[in-house]
Every structure is written in structure tokens, then in C-alpha cells.
Number of protein chains: 2
Amino acid sequence: MNRAIAVALFSCLLCLGQADDSTPASSNVRGAQYPRVHSDLRVTFRLKAPDAKMVKLHPAGDGLGKADVEMMKGADGFWTVTTGPAAPGFHYYWFNVDGADVNDPGSETFFGWAKQSSGIEIPEKGVDYYLPKDVPHGDLRAHWYLSKTTGLWRRAYVYTPPDYDRSARVRYPVLYLQHGAGEDERGWGIQGKMNFIMDNLIAEKKAKPMIVVMDCGYASRPGEQATQGGGGRGASGRGGGQNVVTAFEDVVMKDLIPSIDTSYRTLTDREHRAMAGLSMGSGQALQITMRHLDRFSYIGAFSGTIRNVDPKTTYGGVMADAAAFNKKVHLLFFGLGTAEDALMKTTHETHDTLEKAGIHSVVYESPGTAHEWLTWRRDLNEFAPRLFQ
Amino acid sequence: MNRAIAVALFSCLLCLGQADDSTPASSNVRGAQYPRVHSDLRVTFRLKAPDAKMVKLHPAGDGLGKADVEMMKGADGFWTVTTGPAAPGFHYYWFNVDGADVNDPGSETFFGWAKQSSGIEIPEKGVDYYLPKDVPHGDLRAHWYLSKTTGLWRRAYVYTPPDYDRSARVRYPVLYLQHGAGEDERGWGIQGKMNFIMDNLIAEKKAKPMIVVMDCGYASRPGEQATQGGGGRGASGRGGGQNVVTAFEDVVMKDLIPSIDTSYRTLTDREHRAMAGLSMGSGQALQITMRHLDRFSYIGAFSGTIRNVDPKTTYGGVMADAAAFNKKVHLLFFGLGTAEDALMKTTHETHDTLEKAGIHSVVYESPGTAHEWLTWRRDLNEFAPRLFQ
């Protein structure tokens with residue numbers, strides 16, 4: 001075989017994606033050959049857009065690179081690009097075709113950025129705590145309830161642990177677990193893989209069997225205007241010391257908790273109720289728990305902290321008596337990625353201020369990760385074992 | 001106010017979508033203002049694509065029109081179109097931007113056409129059997145199980161009726177319910193609204209409380225190649241009288257049913273097990289039940305029939321003794337939309353041939369609907385009350 005033919009054959013094999021070591025991403029829809037992840041975690045994306053003038057890959061987050069990348073058009077009308085090595089974990093992305101933001105038909109969609117967005121799972125070598133293993137599995141249930149606060153039917157997801165259906169008389173503690181801005185009640189179960197994390201922790205007896213409830217962090221009272229991806233006034237519940245009762249706080253306290261305690265075999269005292277959230281959800285979890293310490297005794301803030309904390313006054317002065325607070329709150333947990341630069345500083349400032357005031361809190365740092373789902377999977381994996389012990 | 005100013009103001013209000021009687025579709029993502037449904041069921045779509053040469057609306061099905069429609073570009077870079085009155089129910093659609101198929105960021109996505117596709121819910125006046133009402137609600141659970149047939153973890157959805165968690169000793173009959181080609185195990189719970197249909201039927205005591213199991217109709221044995229949206233050889237199970245054991249049949253009989261009967265409080269005898277499916281799923285339901293009448297006693301084929309049925313030989317001659325078959329099979333149900341022209345003919349041919357052979361079957365015709373989810377919602381609403389009575 002002469003050299004020209006060999007090169008042509010090699011190119012042909014490359015164009016079929018067969019000559020390299022790449023495989024379709026696990027987040028692809030059934031049978032889709034692109035996107036493909038290479039063994040060094042470079043990713044090849046492909047999109048059919050025969051009449052387009054310009055197609056770009058838009059990484060929505062840092063995991064696939066920080067900037068849009070122009071794709072190259074082939075004679076077959078397909079545009080392709082191969083990125084540098086991607087960060088392990090889950091990353092949102094989309095394409096831009098002549099100014100239009102476009103999802104990848106080869107990938108599943110995931111609710112993030114206030115819309116259904118493409119996402120890709122990049123494998124993490126040697127790590128399996130969030131993968132399905134041959135252990136007993138809990139169910140992840142869509143639970144519908146009527147909210148008096150909003151006047152609307154709402155869907156919460158409820159994880160029941162593997163033994164729930166077999167132990168008809170056992171009652172379980174409950175963790176309320178919230179998503180971040182632009183996401184919704186589906187995030188933890190899909191992007192977060194929380195069911196597999198809990199299944200694996202429970203199988204290894206690292207975490208107590210518990211019910212986990214994930215609601216939508218957006219809520220508007222009747223007549224309030226909802227914005228795309230947003231809720232009514234004060235929906236985010238960000239920041240410390242607020243005295244505004246958000247619609248979401250009322251949903252949780254007056255609608256969701258009663259519905260869960262009526263529908264599932266829960267332990268209903270404060271000793272057996274925790275709340276955590278990520279990013280926007282961390283603000284909501286902090287605000288709701290701090291304002292209702294008669295109902296919660298474990299608190300988790302993932303990629304979020306209490307800014308400018310003043311132990312004497314923040315959250316209505318609930319921490320002013322450190323000894324009393326420490327007795328009530330069995331865990332105040334801050335989790336974040338070490339690549340979340342600004343947040344690393346503020347979280348440690350908060351932790352130090354609390355320490356000086358004699359208030360116990362824990363900081364977990366996820367090595368090398370940013371404001372992304374891999375941080376939050378690790379947070380849950382670290383947080384859940386500390387609950388209800 | 002002079003006429004020119006009045007017209008200008010009116011146009012401006014129109015462009016804001018405020019002067020007409022349209023409202024955002026219920027299938028929009030939170031807060032998205034487009035697509036909008038008018039009171040006469042015309043729909044206005046909008047997409048931002050400032051640099052595109054051509055943008056078209058592609059109705060994927062007949063409900064929004066039969067052909068692609070060119071959209072008009074405004075000075076603001078948004079392309080818009082208003083369709084004629086749409087058919088009530090659920091319709092897939094997408095846009096085409098310079099040759100690229102593009103989802104609508106304003107709509108939820110739904111797994112159909114072997115990818116995540118945009119979809120829109122068009123309201124059906126005076127009809128509420130598939131809407132959430134103030135009745136007890138069952139849970140819709142994601143249930144993970146390891147399939148020996150495929151070697152992979154699979155997700156099935158399991159509807160447990162409203163009283164399931166409160167009646168720790170009651171066991172329930174089970175309906176296995178399959179989606180169509182290009183869809184997956186999510187279809188019935190999302191596009192089909194099966195949980196609300198069952199909640200409402202059970203609340204009105206029209207249907208017996210039952211468990212409903214929805215699996216993915218695609219399965220490949222290890223080493224078999226899966227195609228996008230497709231499964232291995234013989235995945236569809238279409239047509240009558242086949243003697244091929246598909247991977248999906250093995251998944252249902254050897255993996256799924258044992259997992260469900262182990263995990264849930266089911267009644268496990270044939271008198272309390274039904275199977276139905278739509279389109280591709282109707283072929284699967286017919287083939288699997290007919291080959292395993294020792295395990296099933298109720299059969300539903302939605303938008304699918306037994307083509308060229310020969311009562312003496314089809315499905316290995318299981319209907320050859322009509323009296324014995326009628327005694328075994330309490331219901332053989334064919335449901336379809338009257339707008340499914342070719343299928344109307346073949347379904348009635350099959351029904352007539354069976355009647356002449358003394359074999360009982362029921363045909364339900366959904367008035368005016370095509371090969372679409374509104375047909376299948378109605379099918380379920382007609383089929384479920386006839387089960388386990």
C-alpha cells in the first residue's frame with residue numbers, strides 16, 4: 001500500500017471517529033455517536049448545520065473551557081471541534097448557530113441556565129461513589145402536592161431509601177436538599193446523581209437511611225410575576241439576616257413539610273430534620289433553617305456562605321448565645337470547590353468569625369473543582385454521613 | 001390621538017404580546033413568554049437568531065400543521081410566526097436555523113424522535129381527566145434494576161396508587177405500559193400524564209387502584225450495536241406471529257417482572273397482570289403477552305394492531321381455540337385515533353377477522369385524533385377502567 005492511500009484510509013477512519021480511542025459520552029441519547037470523549041478527556045463535538053455561516057461551541061461553565069470555540073465545517077455539512085482535556089464531572093454546554101443558542105441533539109438535556117440545556121458527563125477515573133453499583137437502590141419519586149402559598153400544584157422529588165418499602169413500621173429522618181439558580185427540582189436527581197450517592201453511602205453504612213426531599217426553589221404568591229428561571233420577589237433568599245418571608249420559605253414550612261410528613265413515614269421532630277442547598281439553595285437553606293431552629297438541627301451550605309456574618313445580629317441574633325446555638329445545631333456545614341476563588345475567601349472569613357465567637361462549623365473543600373455539580377456531589381457525599389448520627 | 005399614533009401603539013402592544021389574548025403555553029419553562037397560545041388555539045413562536053439567513057418552524061407530527069413554516073425576522077433579531085389553530089393535546093416541534101435542527105429555549109424538552117425535542121401542550125376545552133385535581137395523588141417513581149439480559153442498569157418508572165404507602169398489607173395488580181418508537185420510559189409520565197389520568201380514575205372509582213410500570217422499550221444484548229433511538233435486532237417487536245425472542249422480551253420476562261414483584265406489593269398471578277403499549281409498544285405488548293399467556297390476562301394495543309391476522313396460526317396459534325382464548329384473555333383492546341386513516345382500516349379488518357373466528361376484542365376510536373399523545377391519553381383513560389374488574 002503506498003503512502004498516499006494509507007494517509008487517505010487513515011483520514012477516512014478518523015472522520016468516522018473509529019481510529020481514535022474516543023467513545024460516546026455516557027450522557028448521550030441512546031446510540032448517538034457524538035459528542036465523544038477521548039481517553040485524555042478531550043471532547044469532540046459535532047453538529048449538522050449545512051447552511052450556517054458560523055457555529056460555535058459554548059461551554060456554560062468552566063469544565064469544557066472558558067470561552068466559546070469556533071467549529072469547523074466539513075464538506076458534509078457537519079461542524080466539528082475537539083476541545084482540550086475537559087474537567088471530570090458534569091458540564092452544561094450548547095452551540096451557537098448564526099446567533100441562535102442551540103442544544104446538541106446527541107446529548108440529553110438538563111434543566112439549567114433557566115432552560116433545557118445540553119450537558120455532558122466526563123468520567124472521573126477511579127471514582128464510583130456516584131455511579132450505580134450492585135447494592136440495594138432507593139426509589140426517586142415525583143410527589144405532587146397543592147401549595148396554598150402559590151395556589152398551584154407543585155412537584156417535589158422524594159428519595160426513599162432502599163429498605164423503605166420493606167420496613168412498613170420504620171420511620172426515617174428527612175434531608176431537604178435544594179438546587180441552584182436556573183435549575184429546578186430535577187437537578188439533584190439527574191445532574192447530581194444523588195440517588196446513587198445515597199444508595200452507596202447507605203450500603204456501606206456510612207450514612208443512616210434517610211428520606212431526601214428536593215423541591216423547586218422558585219415560588220411566587222398569586223399575582224406575583226415570575227421571570228424566566230426566576231421566582232417572585234425575594235425568591236433567592238440570598239444573604240444573611242433578611243427578615244423577608246419569601247414565598248419559597250412559606251412553601252417549605254407550610255406546604256411541603258406537612259405534605260411530606262403526611263405522605264411518608266418520617267420522623268417529625270427537629271432532631272431528625274436537615275436542610276441543605278447549593279449556591280442559591282445554600283442561601284435558602286441557611287435562611288429557612290436559621291429562622292426555624294425549632295424545626296431543623298442540621299444545616300448544609302454548598303457553594304454559599306453567610307456573607308459579613310455578625311454572630312450577635314445575623315439571622316435575628318439566633319447565634320448570639322454560642323453555647324445554646326451549638327447545642328441546637330448539630331452541624332453547620334460549608335462545602336465548596338477550591339477553584340471557587342472568591343467564595344474560598346468569604347467562606348473562611350465566615351468560618352473564622354464564627355470560630356472566634358465560639359460557634360462550631362465545618363468547612364469541606366473539594367479539591368480542584370469549581371462552581372459545578374462535581375463539587376456538589378462531593379459535598380453531599382461528605383455531608384450526608386454526618387447527619388442523624 | 002391620531003390614527004398613525006394609534007396604529008403604532010397597537011403594533012407596539014402586539015409586538016409585546018400584550019394586546020392579544022394569548023398566554024404562555026403550560027409546557028413553557030418557568031417564566032418564558034413564548035410560545036404563546038391564543039384563545040382560538042393559534043400559536044405564536046419566537047426564536048432569537050440575529051445572524052441566521054432562514055429560520056423555519058418544523059411541526060413534528062400534524063398537530064401544528066403538516067409542513068415547515070418560514071418565520072419572519074424582526075429588527076431585534078427575533079424570528080416569529082403564528083400558526084393556524086392547533087389541535088388540542090401535546091405536539092413535538094423544533095426550529096430549523098440555517099439547516100440545523102434547534103429546540104425552542106422557551107419550551108420544555110421531551111424525549112421523542114430519538115432525541116430531546118421541544119413540545120407544546122395545547123389546552124383542550126372542558127377536558128380535565130389528565131390534569132392534576134384536588135384528589136389523592138400517587139407517586140411516580142424511578143426504579144433502577146440490573147438487567148442480566150443487557151448487562152446494564154436500567155431505569156423503569158413505577159406509578160404507585162395514592163393509597164399504596166398507607167396500606168402496608170394490600171397487594172396490587174400491575175399494568176405494564178410501553179411507549180412508542182423514538183421515545184423512552186419517560187414518555188407516559190411526562191407527555192402522557194398517566195399519573196394524573198390514573199389518580200383521577202381511581203378517585204372516581206372508575207379504575208381499580210393498580211401499579212403501572214413503564215420501562216424503556218429498547219434493549220440490546222451485550223455486543224449488539226444500538227442505533228440512535230433504536231435497539232438491537234428485533235427491538236421493535238412489530239408484526240404478528242414472530243418467533244424471535246427479542247432482548248426486550250427477555251428484559252421484561254426475566255429481569256423487569258421479577259424486580260417489580262420483589263420490590264413492590266404486587267399480585268403476581270396472571271389474573272392481576274396486564275400489558276399495553278402504543279405504536280411500537282403495541283407490537284411489543286401483543287407479542288410478549290401472546291407468547292406468555294400464563295403470565296398476562298389483559299392486553300392493550302394503542303395505535304397498533306395485528307396485521308394480516310390468521311386466528312389459526314398467528315402468535316404460534318394461541319388464538320386457534322377461540323373459547324379457550326376468550327376464557328384466558330379478559331380483554332384484548334385496540335385503541336386508535338380516527339385520523340389514523342390506514343390504521344383505522346387494518347384495525348377494523350383485524351377486529352372483524354377475530355370476531356368471525358369467535359375471538360372477543362374491543363376497538364376504541366378516539367374522535368378526530370391522529371398518531372399522537374392525545375389519542376394515547378384517551379386510550380389509557382378507556383383501557384384502565386376495564387382492568388382487574
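## Two domains in chain A

How far apart do the C-alpha centres of domain 1 of chain A and domain 2 of chain A lie? They lie 32 Å apart. This is a predicted model, in which local features need pLDDT of at least 70, side-chain atom pairs count only at pLDDT 80 or more, and totals for chains, interfaces and linings use all residues. As for labels, residues are numbered from 1 along each chain as its sequence is written, while chains are lettered from A and ligands numbered from 1 in the order in which they are written.

In chain A, domain 1 covers 17-122 and domain 2 covers 139-386, with bounds that come from an automatic or database domain assignment. The two domains touch through 13 residues from domain 1 of chain A and 13 residues from domain 2 of chain A. Here, a contact is a pair of residues whose C-beta atoms, placed from the backbone, lie within 7 Å. On the domain 1 side, β8 (89-97) and β10 (109-112) of chain A each supply at least two residues. Strands like these (E, at least two residues) are DSSP runs, as are helices (H or I, at least four residues), and both are numbered from the N terminus. That domain 1 side has six nonpolar, six polar and one charged residues. For these classes, Ala, Val, Leu, Ile, Met, Phe, Trp, Tyr, Cys and Pro count as nonpolar, Asp, Glu, Lys and Arg as charged, and the others, Gly among them, as polar.

## Where the two chains meet

Now for the chains themselves: 46 residues from chain B meet 46 residues from chain A. On the chain B side, the elements that give two or more residues are β3 (43-48), β9 (100-102), β11 (115-122) and β12 (139-146) of chain B. The largest share, seven residues, comes from β12(B). Sorted by class, the chain B side has 21 nonpolar, 13 polar and twelve charged residues.

Strand β12 also links the chains: three bridges join β12 (residues 139-146) of chain A to β12(B), and the two run antiparallel. Two strands pair if DSSP finds at least two bridges between them. In this pairing, A:R141 stands opposite B:R141.

## A two-fold arrangement

Chain B superposes on chain A by a rotation of 180 degrees with 0.0 Å of shift along its axis (RMSD 0.0 Å). The two copies are thus related as by a two-fold rotation axis. In chain B, the C-alpha nearest that axis belongs to B:R141, 2.0 Å away from it. The superposition is by least squares on the C-alpha atoms of residues with pLDDT of at least 70 in both copies.

The interface tells a matching story. The copies meet through the same surface, because 100% of the interface residues of chain B are also interface residues in chain A.

## The nonpolar cores

A nonpolar core is a set of buried Ala, Val, Leu, Ile, Met, Phe, Trp, Tyr and Cys residues joined through C-beta atoms within 7 Å. Buried means that 20 or more other C-beta atoms lie within 10 Å of a residue's own, exposed means 12 or fewer, and partly exposed is in between, with C-beta atoms placed from the backbone. The largest core has 141 residues, and the ones that touch the most other members are A:V212, A:V213, A:I299, B:V212, B:V213 and B:I299.

Take B:I299: not counting residues up to four places away in sequence, its contacts are B:M275, B:A285, B:L286, B:T289, B:V329, B:L331, B:L332 and B:F333. There's also a second, separate core of 56 residues, which includes A:F45, B:V55, B:A87 and B:W94.

## An enclosed strand in chain B

Strand β16 (residues 273-278) of chain B is largely enclosed by the rest of the structure, because six of its six residues are buried. B:R273, B:M275 and B:G277 point one way from β16(B), while B:A274, B:A276 and B:L278 point the other way.

This strand has partners to look at. Strand β14 (residues 174-178) of chain B pairs with β16(B) in the parallel sense over five bridges, and B:V174 has B:R273 as its bridge partner. Five bridges also join β16(B) to strand β17 (residues 298-302) of chain B, again running parallel. There, B:L278 is partnered with B:F302.

## A five-stranded sheet

Chain B holds an open sheet of five strands in the order β1-β2-β3-β7-β6, with antiparallel pairing. Its edge strands, β1 (23-24) and β6 (72-73) of chain B, each pair on one side only. Two bridges join β6(B) to strand β7 (residues 78-82) of chain B, where B:M72 stands opposite B:T80.
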